[in-house]
Amino acid sequence: MQEYEKSESLYIVLISIHGLIRGHDLELGRDADTGGQTKYVVELAKALAKQPNVEQVDLVTRRIVDVEVGGDYAESVEALAENAQIVRIDAGPEGYIRKEELWDHLDSFADNLLSWLHGQPRWPNVLHSHYADAGYVGVRLSHLTGLPLIHTGHSLGRDKCRRLLARGLTMEEIEQRYHISRRINAEEETLSNADLIITSTGNEIEDQYELYDCYTPEKMAVIPPGTDLDQFHPPAASNASSAFAASLKNFLSQQDMPMILALSRPDERKNIVTLLEAYGESPRLQAKANLVIVAGNRDDIREMDDGAQGVLTELLLVADCYDLYGRVALPKHHKADDVADIYRLAAVSKGVFINPALTEPFGLTLLEAAASGLPLVATENGGPVDIIGNCQNGVLVDPLDKSAIAEALLSILDNDEYWRTLSANGLANVVRHYSWEAHAQAYLQKVPPLLQHFERLPKTPLVATTGRLRSQAIFTALDNTLLGDDEGLAQFVSLIRKKRKKCLFGIATGRRLDSVLAIFKKHRIPVPDILITSLGTEVYFTPQLIADIAWSYHIDHLWTPQVLRRVLGTLPGLTPQPKREQSRFKISYYYDSELAPPMEEILTLLRQQELSVNPTLSFGQFLDIVPARASKGQALRYVARQWDIPLERILATGGSGGDSDMVAGNTLGVVVANRHREELSNLSDMEQVYFAEHSNAWGILEAIEHYDFFHL
């Protein structure tokens with residue numbers, strides 16, 4: 001056990017995988033993935049780094065080598081401050097891809113990040129994941145290291161799915177476009193395993209997290225993000241001029257009118273088309289103010305992705321329909337440095353800032369506008385409820401009610417005294433409630449309780465010296481993988497005997513140790529160097545069969561087998577397997593698919609009971625429950641670190657659901673042909689996982705040839 005001392009300075013690792021993240025000229029609004037979250041994590045890293053008890057902050061993201069987006073995102077390390085930096089980790093293709101296409105590459109990201117962490121001078125005190133994809137990675141790193149995990153969702157899949165369904169999309173369409181089930185599963189897993197969930201608003205907890213199976217408000221904390229008050233401030237003079245202001249002359253006939261300002265990505269969820277329609281249907285509003293919609297940057301709408309292209313095209317069509325030329329501006333370009341001037345330009349005009357999104361998880365632009373002296377009109381769904389409630393500087397509206405949007409804007413624009421009151425309230429209260437300094441201090445007050453008894457998995461010394469010169473390893477499952485064809489097994493055994501001086505040999509199985517040893521004797525399989533048994537809950541080193549006590553201690557975290565048996569014992573179709581198949585860290589049932597609930601329902605039940613476990617259904621009939629930190633893949637990575645063998649030089653072979661995280665990631669993954677490998681079909685699109693044409697040991701031999709394994 002490693003206990004945190006209050007005097008110890010903190011090393012914090014923030015993980016935010018998607019989007020274009022850099023420390024200067026953030027390309028906000030470039031696409032659906034580069035918006036509020038990218039700014040949030042950069043500002044959070046800088047704010048934490050300024051605190052006296054923080055030694056280092058690393059913001060980890062994906063490295064992107066792509067001339068289409070520029071060279072900054074290919075730099076492995078970028079300094080943010082004296083003790084803060086952006087670290088870019090390779091995963092998947094070099095080019096920039098949207099977040100929905102990242103799922104197949106997250107196991108590799110986790111493996112690469114873990115390798116990078118092992119190379120640092122000291123171990124982090126805490127991991128903090130941002131969004132579902134980083135949560136997926138953070139859970140795996142937390143399980144493998146014992147480090148506490150903090151998570152910030154930013155937006156949530158169940159809420160998004162609910163709103164997409166309400167707009168008429170089918171589940172099939174949502175799944176195809178957004179891979180929503182993978183996102184929701186990652187969020188459920190993250191909520192089950194994170195030690196602290198940071199939210200921006202109370203509404204986020206009550207309205208969005210409440211939709212999840214593992215809904216635990218007691219481990220959630222509302223810490224609103226801040227805004228850069230040095231950058232965003234009210235205009236110093238009675239007028240303001242900028243290059244952006246000059247560009248509006250191309251759009252607006254009367255530039256001296258008040259400005260209704262909307263600033264967001266060209267995304268359907270931002271609902272800016274409805275805003276334009278509300279303006280077009282209100283002659284009073286058109287007579288009172290211009291409408292300026294800043295919707296990212298574009299050169300040619302035809303070259304943009306389908307979502308942005310659709311929104312921008314609709315804006316142009318609506319503007320034409322209502323003949324809004326001279327009253328509406330849709331500027332094509334703005335720089336990140338222009339944003340503060342844009343707010344001040346609107347404030348000088350005595351205008352209003354509006355966020356009409358269908359739902360807004362928080363609303364950083366609302367804070368920036370408030371800090372610039374602008375009154376607000378905002379959606380009543382999500383974070384703006386708290387922001388306007390705290391700042392008393394605007395009006396909430398139903399984002400689908402066009403007449404309500406128009407009336408809310410007019411209520412402010414028509415009353416100078418009301419405008420001044422809202423502006424003054426915003427300026428005063430944004431400083432009080434929403435500074436990054438206040439956020440960082442509140443954040444750091446939540447960290448020490450997480451560290452009081454944090455237990456990091458120690459890097460134990462090698463228990464044998466005979467394998468130190470071996471630079472490769474083969475790990476294979478037993479049933480329906482290595483076993484099943486005697487001739488193929490004999491060929492494999494002969495090859496392993498020839499390569500033992502160069503290659504470490506390991507078995508990873510769901511069976512208990514005694515059962516495995518009996519199989520070795522029966523089939524004349526040489527005793528492996530490493531035995532991972534009972535579905536990754538036990539690790540043994542040969543020839544003395546020394547049990548790794550550190551691993552047992554590590555996986556015992558939050559393991560409550562008595563509670564687990566009580567919860568599952570009432571379910572139909574689950575029959576406990578004989579005692580010889582059970583072990584201290586593995587509870588096993590026979591699963592009757594005709595009687596038992598679907599696995600999705602069992603997972604829901606386990607999450608609702610807040611059980612930190614890793615359930616696996618293998619061969620369609622064996623349900624095994626082990627601690628969350630245990631699995632074949634996690635045990636394999638633990639052993640690989642001990643023996644200092646890179647995952648890229650480990651052939652990992654499986655054939656059923658229990659082998660999933662062993663063959664995924666940076667290992668040379670192999671799925672042999674058998675009638676149960678549909679349980680691993682989710683890995684079929686991963687380039688680093690080879691699906692063999694042959695079954696059993698023949699499939700392993702085929703994969704060895706495919707990878708040219710012994711010539712790596």
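Helices (H or I, at least four residues) and strands (E, at least two) are DSSP runs, numbered from the N terminus. The views show a predicted model, in which local features need pLDDT of at least 70 and side-chain atom pairs count only at pLDDT 80 or more, while totals for chains, interfaces and linings use all residues. Residues are numbered from 1 along each chain as its sequence is written, and side-chain values use heavy atoms, with hydrogens and water left out.

**View 1. Glycine 92 in the loop between strand 4 and helix 2.** Glycine 92 has a relative accessible area of 43% and is therefore partly exposed (buried means under 20% relative accessible area, exposed over 50%, partly exposed in between; 1.4 Å probe, protein chains only). Apart from neighbours within four places in sequence, glycine 92 is in contact with Arg62 and His105 (contact means heavy atoms within 4.5 Å). Lysine 46 is 46 residues away along the chain, and its C-alpha atom is separated from that of glycine 92 by 28 Å.

View 2. Of the 13 residues, 10 are buried, including Phe109, Leu113 and Trp116. The cover over these buried residues includes strand 1 (10-15), strand 2 (54-62), strand 4 (84-89), helix 3 (131-145) and helix 24 (632-642).

**View 3. Strand 1 and its pairing with strand 2.** Six of the six residues of strand 1 are buried, so the strand is largely enclosed by the rest of the structure. Leu10, Ile12 and Leu14 lie on one side and Tyr11, Val13 and Ile15 on the other. Strand 1 pairs with strand 2 in the parallel sense over six bridges (two strands pair if DSSP finds at least two bridges between them). Isoleucine 12 has valine 57 of strand 2 as its bridge partner.

**View 4. Leucine 14 in the largest nonpolar core.** A nonpolar core is a set of buried Ala, Val, Leu, Ile, Met, Phe, Trp, Tyr and Cys residues joined through side-chain atoms within 4.5 Å. This core has 66 residues, and Leu14 is one of those that touch the most other members, along with Leu48, Leu261, Val292, Tyr343, Phe353 and Tyr443. Helix 1 (residues 36-49) supplies the largest share, eight residues. The contacts of leucine 14, leaving aside neighbours within four places in sequence, include Val41, Leu44, Leu48, Val57, His128 and Tyr443. A second, separate core of 51 residues includes Val539, Phe585, Leu623 and Ile650.

View 5. Strand 25 (residues 668-673) pairs with strand 26 in the parallel sense over four bridges, and alanine 673 stands opposite serine 695 in strand 26.
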